[in-house]
Amino acid sequence: MADYFVQNNYIYFLSNNALNKTLLKKINLAESKSPATILTLEPSMGYKIVEIENNIVVLQNIKNNNLILWNEAQGEQQIIKQVKYYKWNKKFDELLFGNDSELWSYRPQEKQNKFILFTRLGGVIKQAEWYQPETHIFYVVDGKLKVTENLSSNRWTGDIVKMDEIKNLVRS
């Protein structure tokens, strides 16, 4: 067993016992049935089950920083490549994520436009955070605290403050 996560009466776990595959399995603790395989992944010893929220199992491949989002209710998988940081909104229906140069959101319930690109920069984006009630997003780049509207288009973006160093954005 590579990794596991307990959620309600279920244990989700990764198994590398299959030939050239990693399996995500689920077992109900209240029943005496065998574990069910719910997702088959490419082989890797770098997978980690990060969290399970709103019927979405979030796995991370720590070798390449890819996130795998498995929507258990819909039976759909989404791979998001090279993610350095991510954070769900409070309703767990929108994922804010990014890497050194891009800031995105993912809306799993949308039929079209599931991904929204907020910014692509030459400077390194250090971190990002939802502003409550998640109408705006704060992010740090080159010592500047910036803000952008959480809109799919025609959004306003501006600088809040410039400092020598901004260590942490904290969500209350």
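Contact, as the word is used here, means heavy atoms within 4.5 Å. In this predicted model, residues 24 or more positions apart account for 29% of the contacts in the chain with a separation of 6 or more. Local features need pLDDT of at least 70 and side-chain atom pairs count only at pLDDT 80 or more, whereas totals for chains, interfaces and linings use all residues. Residues are numbered from 1 along each chain as its sequence is written, and side-chain values use heavy atoms, with hydrogens and water left out.

The chain holds 16 strands and zero helices, where strands (E, at least two residues) and helices (H or I, at least four) are DSSP runs numbered from the N terminus. Its C-alpha atoms fill a box of roughly 55 × 30 × 30 Å along the principal axes. Of the 172 residues in the chain, 42% are buried, that is, under 20% relative accessible area with a 1.4 Å probe, counting protein chains only.

Asn-99 is buried, with a relative accessible area of 14%. A polar atom of the Asn-99 side chain lies 3.0 Å from the backbone nitrogen of Ser-101, and the side chain of Asn-99 also reaches the backbone nitrogen of Glu-102, at 2.9 Å. Once neighbours within four places in sequence are set aside, Asn-99 is in contact with Gln-82, Lys-84, Tyr-85 and Ile-125.

Note on methods:
Buried means under 20% relative accessible area, exposed over 50%, partly exposed in between (1.4 Å probe, protein chains only). A polar contact is a pair of N or O atoms within 3.5 Å; within protein, one must be able to donate a hydrogen and the other to accept it, and residues adjacent in sequence count only if both atoms are side-chain atoms.
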